[in-house]
Every structure is written in C-alpha cells, then in structure tokens.
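Please view the chain alongside the notes.

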Amino acid sequence: MNSQLIYASSALQDPIAAVAEFANQLGKQDIDTLIFFCSPDYDLEVLGQEMKKAFSCPCVGCTSSGQIGTGGFQHSGLVGLGLGGGFRTHSFMIHPLAEYSRVTAEIAEAIRCDTEARPNMQRFGLLLVDGLSMAEEHLVANLYQQIGNVPIIGGSAGDDLRFEKTHVYDGNGNFISNAAVFAVVETHSPVATFKVQHFEPSDVELIITEADPEKRLILEINGEPAAQVYAEALGLTVAELTPTVFSRNPLVLSFGDEPYVRSIQKINEDLSLTCYCAIEEGLIVAIGEAKDPVETLRQAFAKVNETISEPAVIIGCDCILRRLQFEQEGLEQQIGEVMVENRVVGFSTYGEQYNGLHVNQTFTGIAIGGKNNV
C-alpha cells in the first residue's frame with residue numbers, strides 16, 4: 001500500500017472557520033492519522049471540539065510559537081499533516097505528568113505487543129509536551145529507556161513567548177496542560193530521524209557554581225550572580241539582556257565531541273537565569289559561537305537524503321530561539337525557503353526531544369518516504 005501524506009493549513013483566526021478550511025483541504029481521502037500545530041490565540045475549547053467533529057482518526061497536536069508549512073514560517077493559524085495509505089498510530093496521553101513512570105511502563109508493553117504482531121513495520125515516536133512543565137528531561141529519558149528500539153523526536157508546546165500556559169491536544173476535543181501526548185506511528189515507508197544545530201563552543205568558558213536543575217535555574221556563574229557574569233562575558237549590561245540576545249548567545253556544553261545547547265529563557269529578579277533545559281552545578285559551559293545556519297541546515301537535509309532519497313515529508317520541531325535569531329539577522333525567509341524545499345511541516349517549540357534527550361536551540365526531525373501532496 002502506498003503511503004499518502006497530505007498537507008493542510010489555515011490562517012483564519014476564527015476557530016470554526018479555520019478547522020472547516022483545514023478539513024476541506026484534506027478532502028475526502030482516507031486519513032489514518034492527523035498531526036497538527038496551532039496558534040495559542042485560538043479559543044482552544046472551540047477549536048478542540050471542532051477538531052473532534054471534523055476528524056474521526058487519531059489526532060495529535062499542540063499549541064505552538066509559530067508553525068512551519070508550505071509557505072515556510074507561519075506566525076499564526078493552524079497547520080497539519082494527514083498520514084494516509086497504511087499508517088497506524090498508537091497514541092498515549094500522559095496526564096498528569098507526575099505519573100510518567102507508571103504510564104511509560106504501560107506504553108512499553110503496548111509497543112512490545114505491536115512489534116510482535118507486526119514485526120516488519122517501521123516505527124517512530126512523536127512526543128509533544130507541555131512546554132512549561134519542566135518535565136521533559138525525565139519523561140523522554142524514561143520513555144526512550146523503556147520502549148527500546150523506537151526513535152523519538154518531539155517538541156515542547158509553546159504560547160508565543162508569553163510563558164503563561166501551553167497545551168497539548170488530548171485526542172478527544174480538549175487542549176490540556178500538565179500533559180504530554182506520545183504517538184507511536186507505524187508505516188511501511190522508510191523513516192529516518194535526525195537533529196541539527198548551528199552552534200559550537202567558543203573560547204569563552206564559564207563555570208556553573210550554583211544551580212537548581214529541577215527548576216532549570218542557574219543561580220551563580222563563577223561565584224557571582226549568573227545574569228551579571230553572563231552579560232559581562234558578552235560585553236553587555238544586565239539591562240541589555242533580551243530574548244534575542246539569549247537566542248544568539250546560548251550556553252554550550254560538550255559530551256565527548258558532541259556539543260549540546262543550553263539556551264536561556266529569561267532573567268529573574270534575583271539575577272538568576274532560567275534555562276529551557278536543566279543544567280547542573282559544577283559544569284563548565286562555553287558561550288555558543290554561531291555557524292552559518294542556512295548552510296548547516298542544507299547540509300543536514302542533504303545527509304538525510306542520503307538515507308531517504310527525496311523524503312515525502314519531514315516533520316520538524318524547531319526551537320523558537322532559532323527563529324528569533326533568523327528574524328533578527330534577516331534570515332527568516334531564506335531559512336523558510338530551505339524548509340519548503342525539503343517539505344518540512346512542523347512548529348516552533350520551547351525545547352526539542354531527540355531519542356532520550358531533551359535539547360534546545362535545535363531542529364529535530366523525522367523524514368518519511370512515500371507519495372505526498374505536501
């Protein structure tokens with residue numbers, strides 16, 4: 001059976017009209033699974049009920065800080081991808097997130113049964129999480145350890161940088177917080193996961209001397225208030241620290257030869273720094289040094305094409321801090337064109353999941369082969 005991947009979007013602000021336009025674009029074709037991302041500005045109660053009425057297949061989605069579709073970056077509205085022609089999705093809700101250990105054990109058993117019943121299928125996991133929960137590290141690590149040989153990509157839901165409340169769709173007409181949805185997708189099509197970032201460590205190194213990993217707080221760097229030391233390392237004052245500064249100057253730590261970005265979300269009144277990922281006391285970090293983001297992204301997609309020639313679609317989770325940098329540097333349209341060339345459908349996130357890790361200022365993606373209308 002040939003896989004079909006069908007793209008749909010709406011920029012309409014009224015949730016009823018937006019879902020109607022969205023559903024009309026998907027047409028009467030059989031959809032096995034719908035993956036969607038939406039603006040937090042919608043009346044989510046209405047939007048959720050309209051999605052429930054419009055689609056009988058499994059629906060997996062969340063609020064975002066912008067979407068990615070056939071026009072590149074989209075700042076509002078609704079985008080999605082219909083998977084048809086033999087896809088099978090087993091979707092799991094994790095709510096409240098404090099119960100992740102119990103639920104992941106149940107998920108692992110369900111996947112084991114599916115694998116035994118259909119051993120020749122390709123599988124990947126898509127994890128969408130409340131982006132303000134600070135639960136991603138424990139959740140994705142536990143999931144990946146429990147479920148075995150199933151690659152995971154995902155993103156943390158957003159709310160357009162308001163940092164008030166983010167939501168995932170429960171598949172039954174409701175958007176909820178303190179929750180995650182984990183969708184395991186089975187297909188006969190080839191799939192390949194990957195991640196890309198465009199920062200490497202500079203020569204400017206800092207020592208985290210006091211931190212609260214559970215709250216993702218850096219309290220002190222080099223024995224002084226964290227924001228003060230960070231600002232001085234950039235030649236700035238604390239008053240000049242903004243989300244754009246954070247996006248262009250993340251912290252980078254290295255494990256072996258692999259750099260991992262730890263981006264800063266905000267500065268607090270006590271001059272501590274809240275990060276998008278947990279960071280531990282005693283670590284040596286460097287100020288990140290940017291490589292060419294356009295060329296880095298092109299190279300990543302070229303490498304994916306070596307595994308899956310001309311993927312039908314790439315589902316992408318792209319950190320909001322990357323887009324802020326692209327906007328500041330006038331690269332948003334150029335990066336968007338690269339996304340369009342490579343058939344990316346996705347959203348701007350508050351953090352990304354890749355196998356057993358929660359990362360940020362990163363693009364994580366799953367490339368899927370097959371026919372497409374994307």
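The notes below go from the sheets to a single residue and then to the cores.

The model is predicted: local features need pLDDT of at least 70, side-chain atom pairs count only at pLDDT 80 or more, and totals for chains, interfaces and linings use all residues. Residues are numbered from 1 along each chain as its sequence is written, and side-chain values use heavy atoms, with hydrogens and water left out.

**Open sheet**
- Helices (H or I, at least four residues) and strands (E, at least two) are DSSP runs, numbered from the N terminus.
- Six strands form an open sheet with mixed pairing, in the order β7-β12-β8-β9-β24-β25; two strands pair if DSSP finds at least two bridges between them.
- β7 (88-94) and β25 are the edge strands, each with a single partner, so one side of each has no neighbour in the sheet.
- From one strand to the next, the twist averages 20°.
- Strands β9 (residues 152-156) and β24 (residues 352-354) run antiparallel and are joined by 3 bridges, with G154 opposite Q353.
- Helix α3 (residues 100-117) lies across β7, β8 (122-129) and β12 (180-187), at about 165° to β7; axes are lines fitted to C-alpha atoms, for helices over the stretch in contact, and angles run from 0 to 180 degrees between N-to-C directions.

**H358**
- H358 sits in strand β25 (residues 357-359) and is buried, at 4% relative accessible area.
- Buried means under 20% relative accessible area (1.4 Å probe, protein chains only).
- The H358 side chain makes a polar contact with the side chain of Q353 at 2.5 Å; a polar contact is a pair of N or O atoms within 3.5 Å, where within protein one must be able to donate a hydrogen and the other to accept it, and residues adjacent in sequence count only if both atoms are side-chain atoms.
- A polar atom of the H358 side chain lies 3.3 Å from the backbone oxygen of E352.
- Beyond four places in sequence, residues that H358 touches (heavy atoms within 4.5 Å) include E136, R216, R262 and Y276.

**Strand β23**
- All 6 of the 6 residues of β23 (residues 344-349) are buried.
- β23 pairs with β22 (residues 313-319) in the parallel sense over 6 bridges, and with β4 (residues 67-69) in the antiparallel sense over 2 bridges.

**Nonpolar cores**
- The largest nonpolar core has 31 residues, and L5, L128 and I368 have the most contacts inside it.
- Apart from that core lies another of 23 residues, including I218 and Y230.
- A nonpolar core is a set of buried Ala, Val, Leu, Ile, Met, Phe, Trp, Tyr and Cys residues joined through side-chain atoms within 4.5 Å.

Technical notes
Buried means under 20% relative accessible area, exposed over 50%, partly exposed in between (1.4 Å probe, protein chains only).
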